[in-house]
Amino acid sequence: LDLMGGIADYSGALVLQWPIREATWAIVQPNESREIQIASVHLDSPDFVRQATAQLSSLNENNEPISYEDARQLFKSNPADSWMAYPAGVFVALMRERNAEFGHGAKILLVSDVPEGKGVSSSAALEVSTMTAVAAAFDIALTAEDIGALSQKVENEVVGAPCGIMDQMGSSCSQMGALMALRCRPAERLGNVALPEGAQIW
């Protein structure tokens, strides 16, 4: 899911999130390579495929995951591939925050119809879908709340965008047809709120 929202989460406010119908899908296929190969397609332009590759060895230094600062600089080093920080940053966050070990690489296909750059959280949708698929493919146990928090870590620390947690929690935890009540600091879900009878969201 993706969602619509504002910027009240920066101050830790109480927000209500309503998911939109557009979505981002991630397919992860582990393989024996030492690479993370990513292809991304947006359904608005299905003939254009963005592709990039990261070496797993570049995400480790002396058998330890690289720092977030080093990861941020790594993905910024080639501006044409800087978008890769969102999906590949998932591996860095899982290594640093969950001590995950990736003995081999993977191919990742991303497909989205979430409008990019329109303020409807396309980056959160990308992070959450990739985090969910990578965790499933590599047998890493995460709750929906874990996925939201780790996805925010990717955007804050790897991408370098100082966002609050609203978008990622909305993408990972909200349900279609209901408003999700979330206190953004400390990311506390307060349940779902049904729309009053006869009310609609446009």
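Analyst: The sulfur of C184 lies 11 Å from the closest cysteine sulfur, in C163, which is too far for a bond. A disulfide needs a pair of cysteine sulfur atoms within 2.5 Å. This is a predicted model: local features need pLDDT of at least 70, side-chain atom pairs count only at pLDDT 80 or more, and totals for chains, interfaces and linings use all residues. Residues are numbered from 1 along each chain as its sequence is written, and side-chain values use heavy atoms, without hydrogens and water.

User: How many disulfides does that rule give?

Analyst: The count is zero. C173 is in no disulfide either; its nearest cysteine sulfur, that of C184, is 12 Å away.

User: What makes C173 count as buried or exposed?

Analyst: Its relative accessibility is 5%. Buried means under 20% relative accessible area, exposed over 50%, partly exposed in between (1.4 Å probe, protein chains only). Therefore C173 counts as buried.

User: And C184, buried or exposed?

Analyst: C184 has a relative accessible area of 8%, so C184 is buried. Across the chain, 46% of the 202 residues count as buried.

User: How do you know what radius of gyration a compact globule would have?

Analyst: The rule is 2.2 Å times the number of residues to the power 0.38, and the radius is taken over C-alpha atoms. For 202 residues that puts a compact globule near 17 Å; the chain has 17 Å, so the two agree. The C-alpha atoms fill a box of roughly 55 × 40 × 30 Å along the principal axes.
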